[in-house]
Amino acid sequence: MPLSATSPKLVIFDCDGVLVDSEPIFLRVVHDMLLSFGGTLSFQECWDKFIGKTTRAVDAYMTEQGITAPENWADEFHKQARSRLEKEVLPIPGARQVVEQLAEANVPLCVASNGHPVTVRATLKRTGLLPWFEGNIFSAHEVGASKPAPDVFLHAAKLAGVHPEHCVVIEDSPSGLRAAANAGMPCFAYTPNTTPTPPDLFGAHPFQTMDKLPDLLGLVPA
């Protein structure tokens, strides 16, 4: 598909929940660990609180609730999550096809995630998506501020030499949607029928299936 005049100069994908179906795996590990530390929240409450967030958000919650965890719990979380992801994670339906179409149309692509860089790379490799993003994977861990701060998006745009207003972000979580708004970047919110839609899309345009994305990004039939 060729580009239209309105196509972005850089498409920035979140990873978890947008390219790879990893959120349920991450959150099951978080939930199991919180219960083992004495927490009492349900899995749905865990989902609502921590989807798209980092372990720092879980730390803050445990402090607020008076939950005591081992000092190295975050290291153990990443170890358990990576182990399960390497065996279980699948691509989001249609994600590979969209990435292929964008690459064929010479649209620059990158990933900007709150996830740990080792984990992001592992999930992209497991799902066969890594070749399209090799060398263009950015993590909030590397820039020092996690979403909803805009830093990781702005970092990706700066390295690509693209102004924020000429980028488009593909996100699914409240923190990511807010980060895109904070970065001044147009955003499309992936809101599949299988998961709750965030209560605030922060101005993002929602879409339910990945096959809608090429049209939204201005790719037109040859």
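In these views of a predicted model, contact means that heavy atoms lie within 4.5 Å.

**View 1. Helix H10 and what covers its buried residues.** Helix H10 covers residues 174–183, and its buried residues are Ser175, Gly176, Leu177, Ala179, Ala180 and Ala183. Among the elements that cover these buried residues are helix H9 (151–160), strand S4 (167–171) and strand S5 (187–190). After H10 comes glycine 184, whose phi is positive, near 75 degrees.

**View 2. The open sheet of six strands.** The strands follow the order S3-S2-S1-S4-S5-S6, and their pairing is parallel. Strands S3 and S6 (205–207) stand at the edges with a single partner strand each, so one side of each is left without a neighbour in the sheet. From one strand to the next, the twist averages 25 degrees. Strand pairing in a sheet is made through backbone hydrogen bonds, and can be either parallel or antiparallel. In this sheet, S4 and S5 are joined in the parallel sense by three bridges, and isoleucine 170 has phenylalanine 188 in S5 as its bridge partner.

**View 3. Strand S2 between its two partners S1 and S3.** Strand S1 (residues 10–13) pairs with S2 in the parallel sense over three bridges, and isoleucine 12 stands opposite cysteine 110 in S2. Three bridges also join S2 to strand S3 (residues 137–139), again with the strands running parallel, and here valine 111 has isoleucine 137 in S3 as its bridge partner. In a regular strand the side chains alternate between the two faces of the sheet. Which residues of S2 are buried on each side? On one side these are Leu109, Val111 and Ser113, and on the other they are Cys110 and Ala112, which leaves both faces of the strand covered. Helix H5 (residues 95–104) lies across S1 and S2 and runs at about 160 degrees to S1.

**View 4. Leucine 124 in the largest nonpolar core.** This core has 53 residues, and those with the most contacts inside it are Phe13, Leu19 and Leu124. Helix H1 (residues 23–36) gives the most to the core, with seven residues. Apart from this core lies another one, of 21 residues, which includes Phe138, Cys167, Ala179 and Ala204. Not counting residues up to four places away in sequence, leucine 124 touches Cys15, Leu19, Val20, Val111, Leu129, Leu130, Phe133 and Ile137.

**View 5. The packing of helices H1 and H2.** Helix H2 (residues 43–50) packs against H1 at an angle of about 115 degrees, with the two axes 10 Å apart, and the crossing is right-handed. From H1, the residues Glu23, Pro24, Leu27, Arg28, Val30, His31 and Leu34 meet Phe43, Cys46, Trp47 and Phe50 in H2. The residues of this contact divide into eight nonpolar, one polar and two charged.

View 6. In the loop between helix H8 (140–143) and H9 is proline 148, which a cis peptide bond joins to lysine 147, with omega about 20 degrees. The loop between H5 and S2 holds asparagine 106, which has a positive phi of about 65 degrees although it is not a glycine. Is asparagine 106 buried or exposed? Its relative accessible area is 66%, and exposed means over 50%, so asparagine 106 is exposed. Phenylalanine 202, in the loop between S5 and S6, also has a positive phi, near 50 degrees, in a residue other than glycine. With a relative accessible area of 33%, phenylalanine 202 is partly exposed.

Key
Residues are numbered from 1 along each chain as its sequence is written. This is a predicted model: local features need pLDDT of at least 70, side-chain atom pairs count only at pLDDT 80 or more; totals for chains, interfaces and linings use all residues. Side-chain values use heavy atoms; hydrogens and water are left out. A nonpolar core is a set of buried Ala, Val, Leu, Ile, Met, Phe, Trp, Tyr and Cys residues joined through side-chain atoms within 4.5 Å. Buried means under 20% relative accessible area, exposed over 50%, partly exposed in between (1.4 Å probe, protein chains only). Helices (H or I, at least four residues) and strands (E, at least two) are DSSP runs, numbered from the N terminus. Two strands pair if DSSP finds at least two bridges between them. Axes are lines fitted to C-alpha atoms, for helices over the stretch in contact, and angles run from 0 to 180 degrees between N-to-C directions. A crossing is left-handed if the near helix is turned anticlockwise from the far one by less than a right angle, and right-handed if clockwise. Ala, Val, Leu, Ile, Met, Phe, Trp, Tyr, Cys and Pro count as nonpolar, Asp, Glu, Lys and Arg as charged, and the others, Gly among them, as polar.
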